[in-house]
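Thanks for coming. I will go through one structure this morning, starting with the core and ending with the loops.

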Amino acid sequence: MTEKNNYHSQSSLMRSLLKRKNPDEMMADAEKGGLEKTLGVWDLIILGVGAIIGSGIFAIVGVAAATPGTGAGPALMVSMVIAAIACVFSALCYSEFSSMIPVAGGAYIYTFATLGEFAAWMVGWILMLEYAIGYIAVACAWSNHFMQFLNGFKSVLPACITNPPIWLVSDFRSAGEYLTSQGISPESVIPHFAGIPVCINLPAFVIVAIITMILIKGTKDSTKMAAIMVVVKLGVIALFVIAGAFYVKPENWVPFAPNGFQGLFMGAFIIFFAYIGFDALATAAEECKNPQKDLPIGIIGSLLVTTVVYVLVALVLTGVMKTNGAPVPQEFLKAPMAYIMEMVGQNWVAGLISVGSLAGLTSVLLVLQLAATRILYAMSRDNFLPSIFQKLHPKFNTPHILTWVVGIICMIGTLTLDLNVASELCNFGTFTSFIIVCVAVLILRKIDPDRPRPFKVPFSPWFPLAGIILCTGLIIFSMVIKHSLSALLFPVWVIVGIAIYACYGYKKNRRLEQNDILEEIEKNERKITTK
């Protein structure tokens, strides 16, 4: 008898973990959700380009090109194409899903419809890694560029503003590494409170607070702001490409791949961070006027535009600066485009690039926080998180409580994570979510083949399989080549997610299911009594 009970218990557990949510039910819930439909196709392309072109091209590109031993060197442009190809297959899968199930939540929702409750929670949790940690990385990059921008006014502004104490503009790890490299003991500079070192990235704190308040006002207003910033940063990048082309030396492209295939693929893994953002459009599906048509165009269009821009930047960047093995200054790794313009004496261009980079990074922050809040909003609607997160602002119809929660968490994150670790950690989350979306497309084709698909991934199953293979290969390659802190933190994040589901999400959903059963029984009993 005990064995039979154990079998039924295990069977019940598996049914709960694999319980799928019907797409029609998801769309019905979305209709009752209250989010306003304000986004058109151009809004989506603007948001996509705004999300993608940011810290990757303004900061991470220097690390991908010139890191000793693993940098791609002049082959960076090939690394960019590899990363873009890995994205294209996933982008097509996102397009099929977003046109078929236009509901807030993105990959989380698609997983719930195909792989079940537990997998959906884990994907949502991993997406938080992508968007929240990516948000922290971009906030740190914004802080670096803002301080570089202020440094251009050191002859006008007081030193306390242009050159403040490092513990006021950096996380503890980065501040410690910088001070140690200068032969200064961090203990002698960084203040302590109750024995704990205190570092506050004040510029990052301020920009996160501003972005949070903008998003609370509404998606349409955020899109208008993003549009202005997209125009500014594309104009600045065009200026860099045109001005820098006159200083390109073809001999800087030889040897083309100084670290061989290792550098080529490691560069693709690092620069992949520069492509994160197109998937964020899927999380705003519920706020699109015509998601079936506009979302695929927005996702694929923004990816194509940014790939062309990235390759042009890589050509000029590696043509002006020697990145094929020779050591490069730390300033190049932090802000490569501005540094190159200063190096060739075009200080006015460097100044404009600083302005453009700030605009670009700000637009990325807007979209990443928007994506993070919409995923958490969808997860709270499915009882994985407290229902208070579903509360909308009485005037702006935005999830204001949730937006503030995400903003505060990211502020705290800037105290502990530096740009490089955060970007690598973000990549692990992104690759994982891309793999699962490609798998989910194949599954839904099998279990629900008759569902209308306004957009279909061509050459299925080969394109989804190619996305799975490429993303998995880049994850494994990066772990083998570079034993970084992020490779250790990612499994920890997954384990924490499993623990939260077991302690909260699973129990709450089972309790609600039990309540539904009891209500149904009471309803039937009342009918019998009435008769």
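Which residues does Phe240 touch, not counting residues up to four places away in sequence? They are Ala245, Val313, Val316, Leu317, Met337, Ile340, Met341 and Ile353, where contact means heavy atoms within 4.5 Å.

Before going on, a word on the source. This is a predicted model, in which local features need pLDDT of at least 70 and side-chain atom pairs count only at pLDDT 80 or more, while totals for chains, interfaces and linings use all residues. Residues are numbered from 1 along each chain as its sequence is written, and side-chain values use heavy atoms, with hydrogens and water left out.

Back to the core. Phe240 and Tyr108 have the most contacts inside the largest nonpolar core, which has 149 residues. By nonpolar core I mean a set of buried Ala, Val, Leu, Ile, Met, Phe, Trp, Tyr and Cys residues joined through side-chain atoms within 4.5 Å. Buried is under 20% relative accessible area, exposed is over 50%, and partly exposed is in between, with a 1.4 Å probe and protein chains only. Helix α7, residues 117-151, gives the largest share of this core, 19 residues. Helices here are DSSP runs of H or I with at least four residues, numbered from the N terminus. Another core lies apart from the largest one; it has 5 residues, among them Ile166, Leu179, Ile190 and Cys199.

Staying with helix α7, Ser143 is placed there. Is Ser143 buried or exposed? Ser143 counts as buried, because its relative accessibility is 0%. Further along the sequence, Ser143 touches Val169, Asn201, Pro203 and Ala204, again leaving out residues up to four places away.

Next, the cysteines. How many disulfides does the structure hold? The count is 0, a disulfide being a pair of cysteine sulfur atoms within 2.5 Å. For Cys93, the closest cysteine sulfur is in Cys438, and at 3.8 Å this is too far for a bond. Cys93 is buried, at 0% relative accessibility. Cys140 is also buried, at 4%.

Now the cavities. The whole structure was searched, and 3 cavities of 30 Å³ or more were found. On a 1 Å grid over the protein atoms alone, a cavity is a set of points where a 1.4 Å probe fits but cannot get out, and lining residues have an atom within 4 Å of a point. The second largest cavity has a volume of about 50 Å³, volume being the space filled by probe spheres set on the points, which are joined across faces, edges and corners. Its lining is Lys21, Met26, Asp29, Val103, Ile109, Ala378, Arg381 and Asp382. Helices α2 (23-31) and α18 (347-381) each give two or more residues to that lining.

Last, the loops. A cis peptide bond joins Val254 and Pro255, with omega about -5°, and Pro255 sits in the loop between α12 (219-245) and α13 (260-271). Ser460 to Pro461 is also cis, with omega near 10°. Pro461 is in the loop between α20 (419-447) and α21 (462-481). That loop also holds Phe459, whose phi is positive, about 55°, although it is not a glycine. Phe459 is exposed, at 59% relative accessible area. Asn383, in the loop between α18 and α19 (400-413), has a positive phi near 70°. Asn383 counts as partly exposed, at 23%.

How values were computed: 1 Å grid on protein atoms, 1.4 Å probe; cavity = no way out; pocket = protein on both sides within 12 Å on 5 of 7 lines; lining within 4 Å.
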